[in-house]
Structures are given as structure tokens and as C-alpha cells.
Amino acid sequence: MKVENMKLPFSRYGSYLVISPLYGRNSDPKSLYIRHIRGGDEKDGAIFKIELVRGNQEIDYEVEWAPLVLKLIATDGSLDIVECCFSSDRTIRIKGADVGVKLTAITGSYDYALAFPDQTWEINSFLQERRFRIIPLEGDLNVDAPFEVDKSKHITVHCDPNPISKTFDIAISEYQLSYQHDHTLEMPFRDNAEQAANDYQQWQENTLQVPSIFQKGHDLASYITWSCVVKPDGLLTRPAMYMSKNWMTNIWSWDHCFNAMALSKHQPELAWDQFCIFFDQQDDSGALPDFLNDQWALWNCCKPPIHGWTLKHLMKNTAFVTLEKLAEVYEPLVKWTKWWLRYRDDDLDGIPQYNHGNDSGWDNSTIFHKGTPVESPDLSSFLVLQIEVLAEIAGKLGKQDEANEWMLKSQELLSKMIDHFWDGGQFTAKRSGSHEVIESDSLVLSIPLILGKRLPAEILTRLVDDIKYKGFLTEYGLATELPQSQFYKHDGYWRGPIWAPTTLLVVDGLIASGEKELALEIAKRFCTMAATSGMAENFNALTGEGLRDPAFTWTSSVFLILGHLLLEK
């Protein structure tokens, strides 16, 4: 494949290092870069541009991507190959024959290169706030880094084949302050690759199984979820599954829930880490940050309170969620719930609000097209379930008075929600304060389906009929905006495309409503689309084409959950 067709970043479990093209502001889709993804998606993380060279002549190349060894194949007729693998989560190894490699550092203020007596070089990157050790294992290493005033004017690393063996072998290892020898480099290149293969194989075996017709999608989802986990560091107190290692290099405070659900059956400890990681950073007020990475937490927005709904599924899926675990999460979940009831109800009508579209997760949904704050029935539905789960946990923990209070509060909110949002034929969204009805054809108004038979039968029937007949359900799944809507756009983010999380919420709601056949049909359409188009951030609702980031973990996780559901049923 040509470099620009390489949609999957090359990485491994635990690593903050990636090999991929550059996308976004500093886009360079035709070249490969070694990237460093600490610090979030405001940085492209480019450390080195990779070029194949013969002497001083640059050679064009194509990419042969595989989960464990990335091959760069010269296109000058020689078909010479340079191979890349991860010897560990902090070290990339690059080996070639009859051709060399040139690494051009992407530098910032004060960046410099320093030679060490053991023939290694350190690149001190102020831009990335890390150091990178260049380690020659075979071949000739030459570093051009003229120092000028207070930095290296430029930094290029040339590694040419050994004149006798005709091969070269180098490693690039990242660290913050002091380099520690990476003992994996004492192994041959092939053993490093095999070690990664064994790790990946074990992950695949622990990944939810799906029908054989979706095996291609299963392989893809397994790789994406495995390779997108980074090790604990900084604000990340636990292993964290990033949304992607292309450019969505954070975790968001509802995305993590879907990843936790997919992991819960066979990797419950890692699932629990995904679920709890945001509670580790919870504000004293009870709020959770919008997103996290190792260096930053964003507090300008948040995400919807689907955590009670998620916890209910984790409790069902695994015995790992013991009374001790429930006790660990009970008070944080209480604080998160009370935050919505206390700080997101400006008109004091007992109905919580979103202050921005990003708070809902449906960033630009048409329920926000008249401005904010907005009272939306999905938010009340999530809280009805979350409060009900708090009642269940309180009962298990012997807090019976609290359990009774929570159950009463859940029932009260459900009653208020129906009175407030149901107009006799559909749920509506309203401006907080004026309670002006917002005209919208967004699928978000169908999310109360997750309440299942808690809803009156006539309301439930209408919600199910809307999914069946109104036009949201296309050949590929559920559009997030009715395709007939004046606001529909095929690549309109939350104004049209199919998204994994909303698909799972609706499928779960249909099952809770006794509509298993329809739920399974939607699951089948989504899995067929994802297995064909890849685990994209979202999809064109009318063509099934993958849109935006092509390697997304919550899409992978939902594919695995729905595929496993199809296998079971």
C-alpha cells in the first residue's frame, strides 16, 4: 500500500510511541513518522520523519502493514526492505538490508543531540518533553546535529548498512530523564517481533468472539483495542485505552465506558481500570473531566452520566465486581449523580440540563441548534438508571435507608421526565428556563428506550415504532439525524452519521423493551458495515463509508459487544 493508505497506526500495548503518517493541522499523509502521543490530541507528536536512503539519495517506498512488523519496501526496483517492530513498550527497533534509513528530527526551541561514550546518542526534545536514545546495534550510525547558540540547528540521523553484512539495526527508546538499558535489545529482531506476537495473540484469545463471517472485523478490532492501550503515567493512574493512536489521543468520560464493557467478560481487571480511571480524577464537586491524557484533564465540558448503566452491565458480566469493588465506586458515583442534580438545574425544575452539546456527547446535535442550556430526555433517562443502580448498590452494602431514598428519587425523576418531555406522540428537548420546545429530528430523542419497560406501554410502543418506521434505520444502521431532516449531512458528525455508542444504547434499550429481533437486526447491520468499512469514528448512514478517524476503539468495542451478542443469540 502507499503510505497515504495506511489507516492503522503501528504501535503496541502499553506504548506511547507510534509509527504513522501525520494527519490534522500538520498533515503529511505521504510520509511516515515516529510519533510520541503524550500530552493529548493538540499535538501531532512527530519526533522523526522516516526516509529510506541509498547513500545520500532518498528512495520512495510503500508500506506493508501488519500488526507486529511494519515493512517499508523500496520502489526503485530493488524491493529492498526496512522492517520496524516494538522490542518493548518504550523502544522501537528498525532493521534493514542493502538500504539505509534517515531520521529527520522535528525540533523545537532548545532541542539538541548529545553523543555518549557507548556510541549512542540522546535527542533531548523540549517540544515533546521527553528524551530519545538512538542505539546502534549494527551498521554505521552518523548524526548531524550542529550546535548553534542554545540548540542543535538541525538533527538528522543516518544509519547505513554494515559494509560486510549489508545490514543495519538501530533502536529508538524514549524516557523522561535517565536512560535505563532495555534488555529486550539483547534479543534478535525476530525474537522481539515474536514476543510482541505472543502478547497480541493472548489479547486476541481474550477478545469477545463474534460470528465467523465477521472474522476480518474481529482481527481489526482486536488489534485496535490492543495497540491503543497506554501504560499508567502522570494523570493516567491506570492502564488506559485511548480512543485512537492516530489523532484522538485521549480518553473521554463516556468513551471509556464502552471499552470497559467490551473487556469485562475476559479481562475484568482491565475493564475495571477503564471504568474507574475518571473517578480517580474526580473533582470535589463531583464532576468528572471531559477528557484525560497523561498530562492534561479538560474541565470545560463533561460527558453524560452513563456510568450507572455501564456499571449495571459490568455487574452482570463478571464476578470481578465484588461488594468490595462496589464499595470502592459507590461514593464517587453518588457524587457524580448529585453533581448533575445540583449544578445542572438552573431553573430548579428538577430536570437537569446540558450547558453545551459536548456535555451530551452528541456535540453538534440539532437539539442544540437554538442554543443552550438544553433539557433533554436522554440525560434524565441516564440519571433514572444511575440512581436506580445506586439504590441497588446501597442495598447490597447494607445501606437500606439510602437504598430506599435512591429508589424513590429514581421513580420521582422518571415521573417528572415523562410529564416534562412527552408531548403525547414523542419525546422533545426544551430550552431550560423558558421550556421552549426545540424542533429536532435527532436520534438522541429516542435514547429513553434504555428505560425499557419502566416506561408506560404506549410510550414504549411509539419509541419502538419510531426506530422501525420513522427513517432512522438505514441499510447500515441508525442515523443520528433523520436523513430527511433539513439539517442532515452525510459527514455532519452528530447530524447524520452512524455512531457505535448510540447504536449500542438503542440496541440495549430494544432488548430491555422486549424487541430482541429488531435489536439483533440493527446489531447485524452495524457489524456488517464495520467489518467492511473498518472501525471508523463514525459512518456515512446512507453508504456505510467510514468517516473521520479510521481506527477508533469504542467502535471496535461496540462491534465486539454486538458481534458477541449475535453469536450468543
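View 1. β1 is mostly covered, with six of its six residues buried; buried means under 20% relative accessible area, exposed over 50%, and partly exposed in between (1.4 Å probe, protein chains only). Strands here are DSSP runs of E with at least two residues, and helices are runs of H or I with at least four, numbered from the N terminus. Five bridges hold β1 in antiparallel pairing with strand β2 (residues 28-36). Two strands pair if DSSP finds at least two bridges between them. Leu22 has Asp28 in β2 as its bridge partner.

The model is predicted: local features need pLDDT of at least 70, side-chain atom pairs count only at pLDDT 80 or more, and totals for chains, interfaces and linings use all residues. Residues are numbered from 1 along each chain as its sequence is written, and side-chain values use heavy atoms, with hydrogens and water left out.

**View 2. Surroundings of Met1.** Met1 sits in the segment before β1 (17-22). Met1 counts as partly exposed because its relative accessibility is 41%. Leaving aside neighbours within four places in sequence, Met1 contacts Met6, Glu62, Val63 and Trp65; contact means heavy atoms within 4.5 Å. Ile73 is 72 residues from Met1 in sequence, yet the C-alpha to C-alpha separation is 9.7 Å.

**View 3. The sheet of eight strands.** This open sheet runs in the order β5-β6-β7-β8-β17-β12-β11-β10, with antiparallel pairing. Its edge strands, β5 (61-64) and β10 (112-115), each pair on one side only. Neighbouring strands are turned by 20° against each other on average, direction ignored. Inside the sheet, β6 (residues 70-74) and β7 (residues 81-88) run antiparallel and are joined by four bridges. Ile73 has Ile81 in β7 as its bridge partner. Helix α1 lies across β7 and β8 (91-97), at about 60° to β7. Axes are lines fitted to C-alpha atoms, for helices over the stretch in contact, and angles run from 0 to 180 degrees between N-to-C directions.

**View 4. Helix α2 and Ser227.** α2 has 13 residues and reaches 18 Å from its first C-alpha to its last, close to the 18 Å expected at 1.5 Å a residue. The expected span is 1.5 Å times one less than the number of residues. The helix is largely enclosed by the rest of the structure, because 10 of its 13 residues are buried. Among the buried residues are His218, Leu220, Tyr223 and Trp226. The buried residues pack against α1 (189-205), β18 (229-230), β19 (240-241), α12 (516-533) and α13 (553-568). Ser227 belongs to α2 (residues 215-227) and is buried, with a relative accessible area of 2%. Beyond four places in sequence, Ser227 contacts Ser11, Arg12, Tyr13 and Lys245.

**View 5. Helices α3 and α4.** α3 (residues 255-263) and α4 (residues 268-276) pack at an angle of about 170°, with axes 8 Å apart. That makes α3 roughly antiparallel to α4; the label needs an angle over 145 degrees. His256, Ala260 and Leu263 of α3 meet Pro268, Leu270, Ala271, Gln274 and Phe275 of α4. The contact residues divide into six nonpolar, two polar and no charged. Ala, Val, Leu, Ile, Met, Phe, Trp, Tyr, Cys and Pro count as nonpolar, Asp, Glu, Lys and Arg as charged, and the others, Gly among them, as polar.

**View 6. The sheet of three strands.** This open sheet has the order β23-β24-β25, with antiparallel pairing. β23 (374-375) and β25 (437-438) stand at the edges, each with a single partner strand, so one side of each lacks a neighbour in the sheet. Two bridges pair β23 with β24 (residues 429-431) in the antiparallel sense. Val374 has Arg431 in β24 as its bridge partner.

Methods:
Angles under 35 degrees count as roughly parallel, over 145 as roughly antiparallel, 65 to 115 as roughly perpendicular and the rest as oblique.
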